[in-house]
Amino acid sequence: MSETDYNTPLERRPACDNCKARKTKCDRRSPCASCVTLNVACRTTPRASEKRQRVLLSSKYDEAVQDVRRQLVDVKEMLHKLMLNKEHTPCSTETPSDYARHTPPPIIDEQVPSLASVREGFSGDPSFQSHAYRVKNALEAALTASELINIEALDAPATLSPRGVAELLHGADTADISIPGRAAPAPPHPPHDLDFGTLPLPPVDLVLKILRLAKTKKQQFFVDVPTFEEDEFVDMCRGVYFATEPISLWTWINVNVGLYYLFYGVNDVESRRMGTTVEAVRSHSKLLKANAEASMQSLRLCSEPSIESCRALALLGTFYVKEGHSTIAWRLISAAARACLDLGFHRLPDLEGSNFQKCSVFWHIYSWEKGLAMTCGRTPVFHHYDVSTPIRRDRFDAPARVYSAFLSFAIITGEIQQTLFSAAARHASQQVRIQHVTGFAARLKTIQESVRSVNQDDPTWDEMYDSAAVIVDIMMYSLLTIVYRILPPSAAQAHPLQCSDECVIAARGTLSRLVEVGEKLLRENPASWCRVLNIILSLAPFVPFIVLAGNAIATSSGDDLALLSSVVSILAPPAANSPTARKMHDACERFGRIASLIVSSTNEGSLNQKGYQEQDSANDIAFGNTSGQPAISNRTHQSPIDYGFPMAQQDWDSVMIGFESELGDYDSRALTNIIEPYIANTGW
């Protein structure tokens, strides 16, 4: 070692050259023990000291690396586009058929669903917007018959104002109504580019408290959606909040919509126990609602079907039903139904093992799909003759009877649509259709009585099942009205707007029950009434109002007018936020006012009323009989109709001119949405 090393502490001296070469431990003495043992000279070659540079790593370094990566990805995409453009330029020697055409991205218009701009599309026979030409023909027939009235004998104030009637009928098209003051919301996220990490979620501590509540107390969400179990849903939430692997869009939808309903079901007492307020919980639920709407805009047409996708589409569909967007709901539910067919859920052999959950998912989607198809007038996806999946029948408690009634309603709805309103059903004779009506009415009454006989003192019953029982009862009434609508009027010379006695009685029952429930819920829970009404209007066509309005005009019934007015009043509050309720409220309000004007005009025209009474007396017919008993045994063949109509000739002229100017020769959707196609003598 060099002489300078003697002044250096032992631990700081470098190892000798021999130890370094042999890679052995050196004791750093002079000479070292290894060199003494080997009897070689112990030398240490001095080396220049190296200056070490400290490298400080910070978060900015990571951000810079990520920024460089993003820029590289952008450059890669730009190069790819340039290569494509270079290959397909006009100077290329390839023929047009040798390469695919690529539309520049700015030209592609992605039609992202927007709730305020959704078009209703085609509407079939059972919908609220069908049979326009038959309605027009019926009105023209009424116009022709009104020539029998002695117009000169009527006082001027008794006749209707042509301008007033035209104003009521103008703009009553319910096909495309937007809520005033609410602009179409812009898509919150680019289509098909939903980044879950950028979407806010409610605080995890509040979610944990609500999930603990769901474990100790049954929540309405798990009653309304029997395809989820509490433990399974908790695991889904854990996978989203504490994600250790990528989550699917379907899981995201299920968690956000499910939490939305759980948050919405928290009452004041429960929120105080959680250390928060109902208002704070509601504010968090708005985040979940926005996430659900963003998820809807990221759905792909050709997604691979799975049980998870079926549940997510069905849950999102029922979400939009309760929010009052029945058209969007139909598209989502029908997509879920097609996924079920692809997975073979309609042909499951039994309820054992994993088939139990698949059966629950299938029948849940089946029930909603049949009701929405009936209301929207669309051909259903499921056909019952092709279904072999068993129905669970091992429960006989009160809740199971309500669920069974809801499922039976869906099955009968599908059969009614196929037997009475399909294209093939139009060719059936009136006698055959009446026979079908008798069978359907008997089945519907049996199911309705089964639900009404549920004893709420049953230990298995809970107040959270009340809404389901009420909805089933009203929908059964409404379906009875539609079925009885096939029957001809009871009187031989009935008014053109008069339906059969059975149909009128069912319509009164529907509207009376609706008013009873609506007035109660408006006092106790207005938001709950809005959702119940949206479900009813989405699953059963609102025919009873049109039937009873026509009966009020035909019989000058003040009681029916009062009931119609009550219905319009309970439709008004939900119409502020629900497009479905808004459309129905506007149509019913206009038609109710027209009925009121016509009845008032008829009551004031005493000479005209006397003529009606004399004509009825001469023919021995009780005009306007609504006793509920059939007046004629044979309804298959009716004598020619000879009637008067309580409107002056010039009034009808004004109305029909307004129709022609608004609708033209073929576009009669507006007329259809005012006076719904379920008036008498249309033959559907």
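**Helix packing and aromatic pairs**

Modeller: The crossing of α16 and α17 is left-handed. Please bear in mind that this is a predicted model.

Colleague: What describes two packed helices in general?

Modeller: The description rests on the angle between the axes and the distance between them. In this structure, the axes of α16 and helix α17 (residues 466-484) cross at roughly 165° and come within 10 Å. An angle over 145° counts as roughly antiparallel, so α16 is roughly antiparallel to α17.

Colleague: Which residues of α16 and α17 meet?

Modeller: From α16 the residues are V437, F440, A441, L444, K445, I447, Q448, V451 and R452. They meet A469, V472, D473, M476, Y477, L479, L480, V483 and Y484 of α17. By class, the residues of this contact of α16 with α17 comprise 14 nonpolar, 1 polar and 3 charged.

Colleague: At what angle do α15 and α16 pack, and how far apart are their axes?

Modeller: Helix α15 (residues 398-420) packs with helix α16 (residues 430-452) at an angle of about 170°, and their axes are 10 Å apart. These two helices are therefore roughly antiparallel to each other. On the α15 side, the contact is made by R401, A405, S408, I412, E415, I416, T419 and L420. On the α16 side, the residues include R433, H436, F440, R443 and L444. The contact of α15 with α16 divides into 9 nonpolar, 4 polar and 4 charged residues.

Colleague: Let us turn to the rings. What describes a pair of aromatic rings?

Modeller: Such a pair is described by the distance of the centres and the angle of the planes. The structure holds 19 aromatic pairs. One of them is formed by W368 and F406, with 6.1 Å centre to centre and 65° between the planes, and is edge-to-face. This pair links distant parts of the chain, since W368 lies in helix α14 (residues 355-376) and F406 in helix α15, 38 residues apart.

Colleague: Are W368 and F406 buried or exposed?

Modeller: Buried means under 20% relative accessible area. W368 has 8% relative accessibility and therefore counts as buried. F406, at 16%, is buried as well.

Colleague: Which arrangement do F542 and F545 adopt, stacked or edge-to-face?

Modeller: F542 and F545 are stacked, with 6.2 Å centre to centre and 20° between the planes. F542 is buried, with a relative accessible area of 5%, and F545 is buried at 0%.

Colleague: Which residues form one aromatic cluster?

Modeller: One aromatic cluster is formed by F221, F222, F228, F233, Y260, Y261, Y264, F319 and Y320.

Notes:
Residues are numbered from 1 along each chain as its sequence is written. This is a predicted model: local features need pLDDT of at least 70, side-chain atom pairs count only at pLDDT 80 or more; totals for chains, interfaces and linings use all residues. Side-chain values use heavy atoms; hydrogens and water are left out. Axes are lines fitted to C-alpha atoms, for helices over the stretch in contact, and angles run from 0 to 180 degrees between N-to-C directions. Helices (H or I, at least four residues) and strands (E, at least two) are DSSP runs, numbered from the N terminus. Angles under 35 degrees count as roughly parallel, over 145 as roughly antiparallel, 65 to 115 as roughly perpendicular and the rest as oblique. Contact means heavy atoms within 4.5 Å. Ala, Val, Leu, Ile, Met, Phe, Trp, Tyr, Cys and Pro count as nonpolar, Asp, Glu, Lys and Arg as charged, and the others, Gly among them, as polar. A crossing is left-handed if the near helix is turned anticlockwise from the far one by less than a right angle, and right-handed if clockwise. Rings of Phe, Tyr and Trp (its six-membered ring) pair if their centres lie within 6.5 Å; planes under 30 degrees apart count as stacked, over 60 as edge-to-face and the rest as tilted. Buried means under 20% relative accessible area, exposed over 50%, partly exposed in between (1.4 Å probe, protein chains only).
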